[in-house]
Amino acid sequence: MSGVGEQSPVSGAPDRRPVGIDELLDRVRAGYRRVEAREAYEAARAGDALLVDIRYAALRERDGLIPGAVVVERNELEWRLDPQGSHRLPEATGHDLRAVVVCNEGYASSLAAASLHQLGLHRATDLVGGFQAWRAAGLPVAPATR
């Protein structure tokens, strides 16, 4: 069957069939290649990716921070990474930015990466398993400062 935004084969009108979150995640993840923790780490070290931590403050305080990642609250993400926006981060220099979005377990980051794609950030992706996968891989974590 057609997806949301596609035309219904019967009426020609947009298909408004509701989807569940699992189907939505499958759809958005099919639009880009997600990265594993080690690949994200190496890309950031090489200067080829900007790690963007969208976890909320309580999780950052509890679990720590990824050194070198920029922290951007989820509700500010599009404004801070839009290269044309007046509230952009200095790192948001163009639509070719490879942003790797990191949430706690790799779910919210998928939706966030899809939103960045809609802004034209075609290299945006997210971290499979999120911060928890990063930590489980033994990659660097710094304590959060209060």
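Let's start with I54: beyond its neighbours within four places in sequence, this residue is in contact with V72, R74, L77, V101, V102, C103, A108, S109 and A112 (contact means heavy atoms within 4.5 Å). Before going on, know that this is a predicted model, in which local features need pLDDT of at least 70, side-chain atom pairs count only at pLDDT 80 or more, and totals for chains, interfaces and linings use all residues. Residues are numbered from 1 along each chain as its sequence is written, and side-chain values use heavy atoms, leaving out hydrogens and water.

I54 also belongs to the largest nonpolar core, a group of 17 residues where V52, I54, L77, L81 and L116 have the most contacts inside it. Strand 1 (50-53), helix 4, strand 3 and helix 5 each supply at least two residues of this core. A second, separate core has 15 residues, including A37, A43, A49 and W134. A nonpolar core here is a set of buried Ala, Val, Leu, Ile, Met, Phe, Trp, Tyr and Cys residues joined through side-chain atoms within 4.5 Å. Buried means under 20% relative accessible area, exposed means over 50%, and partly exposed is in between (1.4 Å probe, protein chains only). Helices (H or I, at least four residues) and strands (E, at least two) are DSSP runs, numbered from the N terminus.

Now for helix 5, which spans residues 108-118 and has S109, S110, A112, A113, A114, S115 and L116 buried. Their cover includes helix 1 (21-29), helix 4 (77-81), strand 3 (99-102) and strand 4 (125-126). After helix 5 comes G120, with a positive phi near 95°.

Helix 2 has its own buried set: A37, A40, Y41 and A43. These sit on the same side of helix 2, because they cover an arc of only 165° around the axis (the arc is that of the directions from the helix axis to the C-beta atoms). Strand 1, strand 3 and helix 6 are among the elements covering them. Helix 2 is followed by G47, which has a positive phi near 80°.

What about aromatic rings? The whole structure holds one aromatic pair. Y41 and W134 make it, edge-to-face, at 5.9 Å centre to centre with 70° between the planes. Y41 lies in helix 2 (residues 37-45) and W134 in helix 6 (residues 130-136), so the pair ties together parts that are 93 residues apart in sequence. Rings of Phe, Tyr and Trp (its six-membered ring) pair if their centres lie within 6.5 Å; planes under 30 degrees apart count as stacked, over 60 as edge-to-face and the rest as tilted. Both Y41 and W134 are buried.

Finally, the charges. A search of the whole structure turns up 12 salt bridges, each a side-chain nitrogen of Lys or Arg within 4 Å of a carboxyl oxygen of Asp or Glu. Here are some of them:

| Salt bridge | N to O distance |
|---|---|
| D48 and R98 | 3.0 Å |
| D48 and R123 | 3.2 Å |
| D63 and R135 | 3.4 Å |

D63 lies in helix 3 (residues 57-63) and R135 in helix 6, so that pair ties together parts that are 72 residues apart in sequence. D63 is buried at 11% relative accessible area, whereas R135 is partly exposed at 36%.

D48 is partly exposed, with 36% relative accessibility, while R98 is buried at 13%. R33, E39, D48, R98 and R123 are linked in a network of salt bridges.
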